[in-house]
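Please read the following points beside the sequence and the 3D view. They are arranged by element.

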Amino acid sequence: MAESMKEAVLAVLRAAGSGWVSGEELSQRLGVSRTAVWKQMEVLRSAGYTLEAQPRLGYRLTGAPDSVTPDEVLPGLATRAFGRQIEYRESVGSTNELAKQLARSGAPEGLLVLADEQTAGKGRLGRSWTTPRGSALAMSLVLRPELPPVLAPRITLVAAVAVAEAVREVTGLPAGIKWPNDLQLFGRKFCGILTEMDAEMERVAFVVCGMGLNVNMDRADLPEAFREVATSLKAEKGETFRRAPLVQAVMARFEDIYGRLTAGRFDQVLDRWRALSITLGQEVSALSMAGEPTLTGLAEDVDDDGALLIRTEDGILVRVMSGEVSLRPR
Ligand code: BTN
């Protein structure tokens with residue numbers, strides 16, 4: 001009840017834009033006493049909203065917190081299903097772990113787990129991932145695609161295109177995709193994607209697609225070991241970004257591109273992936289798990305499984321399914 005009252009007050013204040021809403025009007029529209037209205041203003045203030053109150057004019061909203069609570073994400077969300085149901089945590093071990101747990105107990109496609117901070121964020125290949133409080137995005141989307149498990153890796157390509165396009169739209173920065181699914185700006189990584197799946201032999205039960213974005217971290221806040229190779233949107237653009245509009249843009253793009261995948265048009269996904277790729281056309285070294293170069297050549301294309309096709313110096317086309325590549329200066 002308290003939560004829905006807060007949402008109702010916010011909705012009325014937001015609808016008034018920068019205008020005033022009298023205490024009388026609020027109490028009538030919400031069917032509660034003036035004292036209850038006043039109490040809700042305190043609830044909003046403690047959640048980080050800034051409000052003005054004037055005896056004869058009433059209340060008006062002057063600022064909202066940069067948070068990714070449902071209160072901030074839902075109002076500007078333009079999707080049919082993705083992100084319509086949100087599980088928000090101020091702090092969580094890993095949003096992917098929570099999303100998997102919720103998916104196992106029946107969470108529907110489109111459910112989005114969001115957290116302000118992760119204390120045990122997971123990266124690819126058993127690595128860890130840092131999501132400091134207040135300056136990054138950690139989100140995990142539950143999907144239930146009707147796909148055989150072998151085709152599930154396609155979802156990671158969908159996610160990479162979604163994030164790259166959303167970041168370009170919201171920030172104007174030229175986000176690109178480094179195979180397989182790192183997102184980079186000017187040669188440095190600002191986003192990683194971790195896709196996990198639960199499947200039987202023939203069909204996928206669910207997929208959890210986890211996306212971590214460095215948004216407003218200063219260079220000094222980036223983990224020291226990664227300072228040379230990592231970056232954030234703020235570090236590149238020199239301005240801070242509100243996180244909720246980024247979530248909204250990623251969800252809208254994701255729903256659109258995923259729709260193409262499930263409609264049998266993976267070719268369109270690949271075309272968009274190719275257009276955003278910073279790997280194709282480059283000389284690359286494929287790296288082993290230990291980081292040793294295993295083969296070098298020209299990154300020619302990706303195939304229908306998302307595998308990278310590398311043309312070696314002997315003219316042989318080698319298919320690299322997973323792992324990592326480094327771009328070689330020419
Ligand atoms: C990578 O190694 O590049 C992948 C990083 C993925 C990080 C995201 S943050 C949200 C989600 N929850 C996790 O624990 N990991 C993913």
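**Note on selected residues**

1. E196 is buried, with a relative accessible area of 16%; buried means under 20% relative accessible area, exposed over 50% and partly exposed in between (1.4 Å probe, protein chains only). This residue, E196, belongs to strand β9, where strands (E, at least two residues) and helices (H or I, at least four) are DSSP runs numbered from the N terminus.

2. This is a predicted model, in which local features need pLDDT of at least 70 and side-chain atom pairs count only at pLDDT 80 or more, while totals for chains, interfaces and linings use all residues. Residues are numbered from 1 along each chain as its sequence is written, and side-chain values use heavy atoms, with hydrogens and water left out.

3. The side chains of E196 and K122 are joined by a polar contact of 3.0 Å. A polar contact is a pair of N or O atoms within 3.5 Å; within protein, one must be able to donate a hydrogen and the other to accept it, and residues adjacent in sequence count only if both atoms are side-chain atoms. Leaving aside residues up to four places away in sequence, E196 touches N96, E97, K100, K122, F206, V207 and V208; contact means heavy atoms within 4.5 Å.

4. Helix α5 spans residues 95-104, and its buried residues are T95, N96, L98, A99, K100 and A103. Their cover includes β3, β4, β6, β9 and β10. Just after α5, G106 takes a positive phi of about 100°.

5. L61 lies in strand β2, residues 58-63, and is buried, with a relative accessible area of 15%.
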